[in-house]
Each structure stands twice: as structure tokens, then as C-alpha cells.
Amino acid sequence: YRDDDDINDVASMAGVNLNEESARIMATNSDLVGTQIQSCKDEPFLAAIPLHKRILEMAKKLGITDVPAEVVTFISHATQNRLRTVIEKVTVITQHRMESYKDDEWYEQATDVRSQLKFFEQLERLEKQRKDEQEREILLKAAKSRSRQEDPEQARLKQKAKEMQQQELAQMRQRDANLTALAAIGPRKKRKLDSPGLLTVGAEGLGMSGGSQAGLGTPSSRQYARQKITRVNLRDFIFYMEQERETSHSLLLYRALLK
């Protein structure tokens, strides 16, 4: 069946020898075989010259006089990797701190400190109001007294009652003046978002058509997602350093706790 195989072999019918073609291709691209090709330049994360000087200063203390450029590049990449790891861990800590469990069905609120503080503030306000009312009654009684022989304490109370009455009168006049000014200005008009003029002006930014009446009262179908910002504070870094073995007993953590 050799004749049938030769007929079915398209390369042989075309006069192409596959072995010769393979040998020719390998000979042409022999300089590229076994080499590594990079698509982009390997750029260091830190500035090479200042970092090299810093490494040489530290190496001279240990008796090392020469540091090759590969060491500088390696330290730069290690710094970048370490910084990325720290930022990722601190970001996770911050996100855990900002989580709210109020709407979670598996958590039940045991105490509400904010409501307790509001209750105590209200008690203090009522107590202060009660003391002010008592003092006001005492001053009014002292002002109404018509004794001929008055002691210095009685005179002081009368003077204080007169000042209190003048202050109350000034407050009433100020309140009346404010009400008169507001009545003269008139009620403030709220901006209507469904007015045709506003939609025509802001049609491009809101994604609406000001000319079509069907789109005047409908909100924009495109809602731009607001980017969530994670703010990291010093407490998050302190918590991170306390959890890490390398920094849990370091001088840097001690200095951060002193701030």
C-alpha cells in the first residue's frame, strides 16, 4: 500500500521534505532557542542611586565594600512586596473595623451607649432648667419685696433680678425682630427637580432628554457607583503591628503607642 500512502501524502505530492524544512527552521532560529524574552522592562520600585548609597553605607559597617546592582534591584522588589502585604493587611483590619452589625439577624443589641448618653444629657438639661426656675422665682420675690431696711444681700438680689428682666426683654425683642424679618422676606422656595428648565439645563449630566415630555419626571436610568474610600488611621497600624511577630516587640510600636 506504499503507492496509496504516497498519493495521500500532500507534502510529498507538493515536493516538500518536512525533515529538511524542520532542520532549516531550527538553524535559522537557533539564537532564540533557550533564551528568555521579557515583554516589559524590569523597573525597580525605589530609586536605584539613593538606595545603592544607603546600602553601601550599611555594608561598610560590616566590612563589605562592593554591592552589585542585582542586590539593589532585589531589595527594591522586596520592599515593594513588603509594602503591598502591609497595605493589604491594614486594609482588611480597617474594613473589619468599619463593619456594622446592626442589620445582621445573627446579632442582638445588648446595650445602646448613645441612647444612654442622650438620656443623661436630657436629665442634666431638666435639672438645669429646674434650678434656673427656682433662681428666677427667688429673684422675682426679692424684686417685689418693699422692705424699707434692706440688707446688702437683698440689694444684690434686686439688682440681679433687674438684670435678668432686662436680659429677658432683650431676648424677646430680638425674637420679635427675627420673626418680622422672616415675614418680610417671605417663605423660602424649594428647588423643584422635576421642572422642565432644570432638566433641560442638566440633561447632559443627568442622562435625560429635556425635549421629550415622557422623560421630564423620570429619574436617570444610569446610576454612577460611588467609589468607597477606606481610611486607615494610626489605631489600625498599631493593631497590625501588635499582631505581627516581627513588630509586636519593636521600638516602632512603642513610639506609635506614645503618640
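This is a predicted model: local features need pLDDT of at least 70, side-chain atom pairs count only at pLDDT 80 or more; totals for chains, interfaces and linings use all residues.
Residues are numbered from 1 along each chain as its sequence is written, and side-chain values use heavy atoms, leaving out hydrogens and water.

**Exercise 1.** Work out how helix H6 packs against helix H7.

*Solution.* Start with the geometry: H6 (residues 113–144) and H7 (residues 152–185) pack at about 115 degrees, and their axes lie 8 Å apart. Helices here are DSSP runs of H or I, at least four residues, numbered from the N terminus. Axes are lines fitted to C-alpha atoms over the stretch in contact, with angles from 0 to 180 degrees between N-to-C directions. The helices are therefore roughly perpendicular, a label covering 65 to 115 degrees.

Next, look at contacts (heavy atoms within 4.5 Å): residues of H6 including Glu135, Arg136 and Leu139 meet residues of H7, among them Gln154, Leu157 and Lys158.

**Exercise 2.** Find the residues of the largest nonpolar core.

*Solution.* Look for buried (under 20% relative accessible area, 1.4 Å probe, protein chains only) Ala, Val, Leu, Ile, Met, Phe, Trp, Tyr and Cys residues joined through side-chain atoms within 4.5 Å. The eight are Val86, Val90, Ile93, Ile238, Tyr240, Met241, Leu253 and Ala256. Now place them: H5 (69–98), H10 (234–243) and H11 (251–258) each supply at least two. Finally, zoom in on Ile238, which touches Leu253, Ala256 and Leu257, leaving aside residues up to four places away in sequence.

How values were computed:
Angles under 35 degrees count as roughly parallel, over 145 as roughly antiparallel, 65 to 115 as roughly perpendicular and the rest as oblique. Buried means under 20% relative accessible area, exposed over 50%, partly exposed in between (1.4 Å probe, protein chains only).
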